[in-house]
Amino acid sequence: MTLVLDLAEVHAGLLATVGGKAANLGELTKAELPVPPGWALTTEAYRRAAQGFDPAGDDLAERARRHLLETPVPPDVRDAIVAACTALGDDVPVAVRSSATAEDLPFASFAGQQDTFLNVVGAQAVVEAVRRCWASLWTDRAVAYRESNGVDHACVSLAVVVQTMVDAEVAGVMFTANPVTGRRHEIVIDASPGLGEAVVSGAVNPDRFVVLDGRILERRAGDKRIAVRPLPGGGTEHVETAVSGLSLTDDRVRELAALGERVERHYGSPQDTEWALDRDGKLWLTQARPVTTLYPLPEPKGPGLRVYFSLNVVQGVMGPLTPMGVSAFRLISAGGAGLFGRAPADPRDGAPFMTASGDRVWFDITPAVRSRQGRVLLPRAMTLGEARTATVMERLFDDPRLAVTPAPAHRFLRGLAHFARRVRLPARALTALTSPRKALGSIERIGQENERRLRVPDSATPEQRLDHAERVLAGTFPRIITIMPTVVTGYALFALASRLSGVPVNEMGDVLRGVPHNPTTEMDLALWHLATRIEPEPFRELSVAELARRYREKLLPPTAQREIAAFLDTYGHRGVAEIDLGVPRWSEEPEHILGALANYLRMDDDDLAPDVLFAKGDREARQAVARVAARAGRRARWRAPVVRFALGRTRTYAGLRELPKFHLVKSLAAVRRSLLVVGEHLAERGALDAPADVFFLDIREARAALSGGDRRPLVAARREQYDRERRRRHVPRVLLSDGTEPEALAEPAADGAITGTAASPGTVTGRARVVLDPVGAHLEPGEILVCPSTDPGWTPLFLTAGGLVMEMGGAMSHGAVVAREYGIPAVVGVPGATQRITPGQEITVNGAAGTVTVPS
């Protein structure tokens, strides 16, 4: 049968019998949830009605709707509907609701994309409503929503649920977790007189209630000017109301909240529900679906409320990491914890402060938030790298649940002393002060030693390669972090120069333009010089895909083929989202680099050439040093030479801040190459389908796979999870263990102003180019790059950008540093920039004031 008629078992408001959504029907009965009885047409009925539809053509939605509306309902389905309506009684009004297989996905709810028909009276009217529900799978809005979320139209179908109408005195919606802040178990209720359609459709400003643990935290009355009421004989009408006060009593609010808690316990996850209170005072649950927008909670790392900080966000990698990428960071974090004398017993477990959720890496920073020393250091450190997070942190300090806990200072000092000894902090700082030549020579030797440790013999067995990978990943961070004492010395001298001269740090940005020894700007300039030496014709005429094919087959003109290969020999270990060793490098997929070259070859203004701008930045930086020193000299003559000395050292060492990550990424790339050999071995044995599948195992699982067994089902499940997470549109920068996203509690900027953190001085007006993924992105010279965040894989785009606007980052984040060096006005840490700025819109970026002006 295609019609389910068992009214004792089917509660259609809670489930639709479509793929993967049907719960245990018997459990629903045992739960005794107050849901109106009903029945459901399964998806098979829809498929039969849709037979014969040809999906070819551009007017897909309109033709699909017409086909379904013109196709007769199959006779057995029609007869079953009529029989079911007759069994309900004479002219019993029902609600006819749609439920599609694409609904309630982890990355998109699809709520409201298909149609619902209320107060349908009579069997023939129900038959017609069912047909119209089927057709609503192909409304323009549903098709557009599937397109935007990457859902294949050919893979979706629709079931129809029918339930007895509730004659609602008051109705609305209820979330069992706060959908704005993410706080779990904080129940949010919207209520208004009449049918719930007024609230769901947004036709009314409802009353709002917020409940936590039975306590009503908020009561806010809406105007409730419209109510949706059923009409005799079928259909609904909108009527004006004049309801004052609240539509629910406190007792009713608590009763609703208790029902929400029961529904959440039943399904095991937060729920988005619809409810109705009938004229007899009985409460009904008319629909429940999972809340799909909540970020999954990390595994608790200790008791009480915890604070988690996203490594992905600070590194500009908003997408997920592969399982092997997460496993790599566990080993890397273990090496970092060892620097403070707190290494885990097994490095593969990761540092005690590291956890993972949503295929992303999180650090538990609760101990720092709850310590006096941490409250001093955290905001200062965040201000440099992630300014928006610094603001969030300062608000967290006011949360009584995160009050400072007494802790002996000697524990903190002991860890700091251990770190200072391991990285030889005093000696390296002294060398940086007294001898730049020795300091730079020592840093070069660190890089050489790191590269030496990356080598693995071609004859190494898979087991030996995994051993080597674990040693490299656990050992690289302690080695390369020894570069940072020199860098920190440079920035400490920068702060000293500011104090001696009286010039605020945020007004000395020009001093940091055109600094040497930055591997990222050296890479970008090398790519630019490459563009000046190669034959331009194929890059101006061919697509990036065709250029990549010719490069791989060695069919590019000789100079281009040779020069690109040489560039990739040096920088081919880099890539977009390069902190994930599961992601291909430029040497494997050179399309991004070839696209950047094509962009460069479109530039026809020599004054905008990156090397010219870099040289200009160097000159302006030296002039800025002279100005700051002169101001210091006006205070006291001895201060001028001290400031010149300090800023000279700052310029010598500032670019080195990118070097530890450069070496870390080189280590990840070397481990990746070795693991691909392990993957080839496992694929040959049938444990994997392809060598790259090894990155969907962790390091322990890869080792276990060498002993036998089929890992393909596990890889398939992991890939599916990874693909779902790639579609997640929002990742919190800070997350509490109760699900709260603290940044969501912030007050919006006044008058909708778009403000952020000043990152690189200068003002520019130009067309906005919103880029979410740099691979294949086209940026015309002078356009303003608007993006979520950046890592070094993005920086080839900087060379043609007129300005930069970033949603993430602080004054010392990667994008800000590179923008300053190129003299590109930049504002970072701009909330929602990629949504608030329209592609092609003319905007003005003031990199000194930290503002983005958008025409009204």
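When I say strands and helices, I mean DSSP runs numbered from the N terminus, with at least two residues (E) for a strand and at least four (H or I) for a helix. And two strands pair if DSSP finds at least two bridges between them.

Before I go on, a word on where this comes from. This is a predicted model, so to speak of local features we need pLDDT of at least 70, side-chain atom pairs count only at pLDDT 80 or more, and totals for chains, interfaces and linings use all residues. Residues are numbered from 1 along each chain as its sequence is written, and side-chain values use heavy atoms, with hydrogens and water left out.

Next up, strand 16. Why do we call it largely enclosed by the rest of the structure? Because four of the five residues of strand 16 (residues 360-364) are buried. Buried means under 20% relative accessible area, exposed means over 50%, and partly exposed is in between (1.4 Å probe, protein chains only).

Strand 16 has antiparallel partners. With strand 14 (residues 307-310) there are three bridges, and S310 has W362 of strand 16 as its bridge partner.

Now for the aromatics. How many aromatic pairs does a search of the whole structure find? Seven. Rings of Phe, Tyr and Trp (its six-membered ring) pair if their centres lie within 6.5 Å; planes under 30 degrees apart are stacked, over 60 edge-to-face, and the rest tilted.

Take Y571 and F662: they're edge-to-face, 6.4 Å centre to centre with 75° between the planes. Y571 sits in helix 22 (residues 558-571) and F662 in helix 26 (residues 659-684), 91 residues apart, so this pair links distant parts of the chain. Both residues are buried.

Another pair is F696 with Y722, whose centres are 5.4 Å apart and whose planes are at 85°, so that one is edge-to-face too. F696 is in the loop between helix 26 and helix 27 (699-705), while Y722 is in helix 28 (residues 712-726), so the pair ties together parts 26 residues apart in sequence. F696 is buried, at 5% relative accessible area, and Y722 counts as buried at 13%.

Last stop, the surface. F340, V376, L377, F412, L413 and L416 make a nonpolar patch of about 510 Å². For patches, residues need over 30% relative accessible area and no salt bridge, with nonpolar side chains (Val, Leu, Ile, Met, Phe, Trp, Tyr) joined within 5 Å and like charges within 9 Å. A salt bridge puts a Lys or Arg side-chain nitrogen within 4 Å of an Asp or Glu carboxyl oxygen, and areas come from the Shrake-Rupley method with a 1.4 Å probe. Helix 14 gives the largest share, three residues.
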